[in-house]
Amino acid sequence: MSNVVLVGAQWGDEGKGKITDLIAREFDFVVRYQGGNNAGHTVVSGDKKLALHLIPSGIMYENAIPVIGNGVVVNPQVLVEEMRMLEGEGFPCDRLKISCDAHVIMPYHIELDRASEFKLGKNEIGTTNRGIGPCYQDKAARSGIRIQDLLDEKVFRMKVAAALEVKNAILEKVYGKRTFTVDEICAACLPYAEVIRPHMAETAMMLNEALRDGKRILFEGAQGTLLDIDHGTYPFVTSSSCCAGGAATGSGVGPAAIDRVLGIEKAYVTRVGAGPFPTELLYPENGGEGQDAVDGDLMCSVGHEYGVTTGRKRRCGWFDAVIARYAAEVNGLTDIALTKLDVLSAFDEIKICVAYECNGERYEYFPMQQSVLYHAKPIYKTMPGWKGQDITKATAFEELPQAAQDYIAEIERLSGVKATIVSVGPDRHQTLMRGWDR
């Protein structure tokens, strides 16, 4: 095994943090290649449960060099606070490297994000209000501010002044919000420059040199396939390339260097924020009723389905094989890591969505038209559950109840990809390896 992309294969929150942390010991570098602090990875180490938003989960291992790539957008305050939190927990950050070309989330990005969502009202996208989208907007418009700009106050002031001519006008005249001065922005951002300076690097050059030396790289994605700006459920998506292809552009490493793509899939499906969700089990507070509402509430409570970054209650639903097939293709998945299988131990019966129905037509592939996805009805296959059987102590696939083995086999058949990692609990040791290390 050499270089691997780890990618979410649903709408995010699939348990990428645990899997990254689990396999990071096999790699020399762990690279975060997109997104910002709108991501949340929960890592359990002993009796400690840490929530990471920017720093790659590989920080937990001394052998791995964690890298924040050029495709990431960075809030300097959040980054420094996270570094201090980790150091306080006994995880030094001296090995952390940050791309000089990563873009900086500015205070006005956060204000614009909040104002835009408020103005959209019931049509809101459901962003985390962290300024991610507006920062990527500036990057695409070639008016963004990069990490390297923090090192030169004169350059930083000049770029901020140019940006504020536009941002202040929008904030004041479009949204009726407060405006910013150059001095305010400098006071908010520049104090972090000296903390970050020792970690700044030409990371693309560093990673390519590492490849020439035979080093192994794990590329860690945030969010999930269906939140990808191109391949997700647009416009209810994030602002970056979450799919495996984004690992190349977000790190500066060519795609030929990637050997395997590991898709993380929850044994059911969740999403946070607005947008279509064919297998959603609506909660009573959202108009759900009957057994679906009971199952949805149970899935949420047993799975502790609350966003790491936002704290919002996640929307829950049965496993969607249409999504699984789509994710396998657009990412080129070679392996699946199936997480939170233990949550399904609460159910007598388990459903898998094998296709959609809309206007009398059957869809086994992800629909091209947004209007079809909005009105798609899931076509389910019902399988027996293993209610009441504790699978968290299983140490091998063969120790799982037959119903659980059959469920995994059906997911593999429907998606066309083998589940080489199966998680049966939150801790590292509660994981079944089925050929991942081949």
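**View 1. Helix α5 and its bend.** In this predicted model, helix α5 bends by about 35 degrees at leucine 164, where the bend at a residue is the angle between axes fitted to the seven residues ending there and the seven starting there. Helices (H or I, at least four residues) and strands (E, at least two) are DSSP runs, numbered from the N terminus. The helix covers residues 153-174, and its 22 residues should span 32 Å at 1.5 Å a residue, which agrees with the 30 Å between its end C-alpha atoms; the expected span is 1.5 Å times one less than the number of residues. At the start of α5, the backbone nitrogen of lysine 154 has a side-chain oxygen of aspartate 152 within 3.1 Å, and just after the helix glycine 176 takes a positive phi of about 65 degrees. Residues are numbered from 1 along each chain as its sequence is written, and side-chain values use heavy atoms, with hydrogens and water left out. Because the model is predicted, local features need pLDDT of at least 70 and side-chain atom pairs count only at pLDDT 80 or more, whereas totals for chains, interfaces and linings use all residues.

View 2. Phe156, Val160, Ala163, Leu164, Lys167, Asn168 and Leu171 are the buried residues of α5, buried meaning under 20% relative accessible area, exposed over 50% and partly exposed in between (1.4 Å probe, protein chains only). These buried residues pack against α3 (107-120), α4 (132-140) and α6 (182-189). Leaving aside neighbours within four places in sequence, tyrosine 108 is in contact (heavy atoms within 4.5 Å) with Asp138, Ile145, Ala163, Leu164, Lys167, Leu171, Phe180 and Ile185.

View 3. A nonpolar core is a set of buried Ala, Val, Leu, Ile, Met, Phe, Trp, Tyr and Cys residues joined through side-chain atoms within 4.5 Å. The largest such core has 58 residues, and those with the most contacts inside it are Ile23, Leu79, Met106, Tyr108, Phe156, Ile185 and Leu262. This core draws at least three residues from each of domain 1 (4-99 + 200-263) and domain 2 (103-195), and apart from it lies another core, of 56 residues, among them Ile217, Ile336, Ile391 and Ile411. The domain assignment, which is automatic or taken from a database, also gives domain 3 (265-433). The centres of domain 1 and domain 3, taken over C-alpha atoms, are separated by 24 Å, and 40 residues of domain 1 are in contact with 41 residues of domain 3.

View 4. Most residues other than glycine have a negative phi, and most peptide bonds are trans. Aspartate 13, in the loop between β1 (4-8) and α1 (16-23), has a positive phi near 60 degrees and is partly exposed, with a relative accessible area of 24%. Arginine 142, in the loop between α4 and α5, likewise has a positive phi near 60 degrees, and at 78% relative accessibility this arginine counts as exposed.

**View 5. Surroundings of lysine 215.** Lysine 215 is found in the loop between α8 (203-212) and β10 and is partly exposed, with a relative accessible area of 39%. Not counting residues up to four places away in sequence, lysine 215 touches Asn3, Asp28, Phe29 and Ala210. Lysine 215 and phenylalanine 29 are 186 residues apart along the chain, and their C-alpha atoms are separated by 7.9 Å.

Methods
A polar contact is a pair of N or O atoms within 3.5 Å; within protein, one must be able to donate a hydrogen and the other to accept it, and residues adjacent in sequence count only if both atoms are side-chain atoms.
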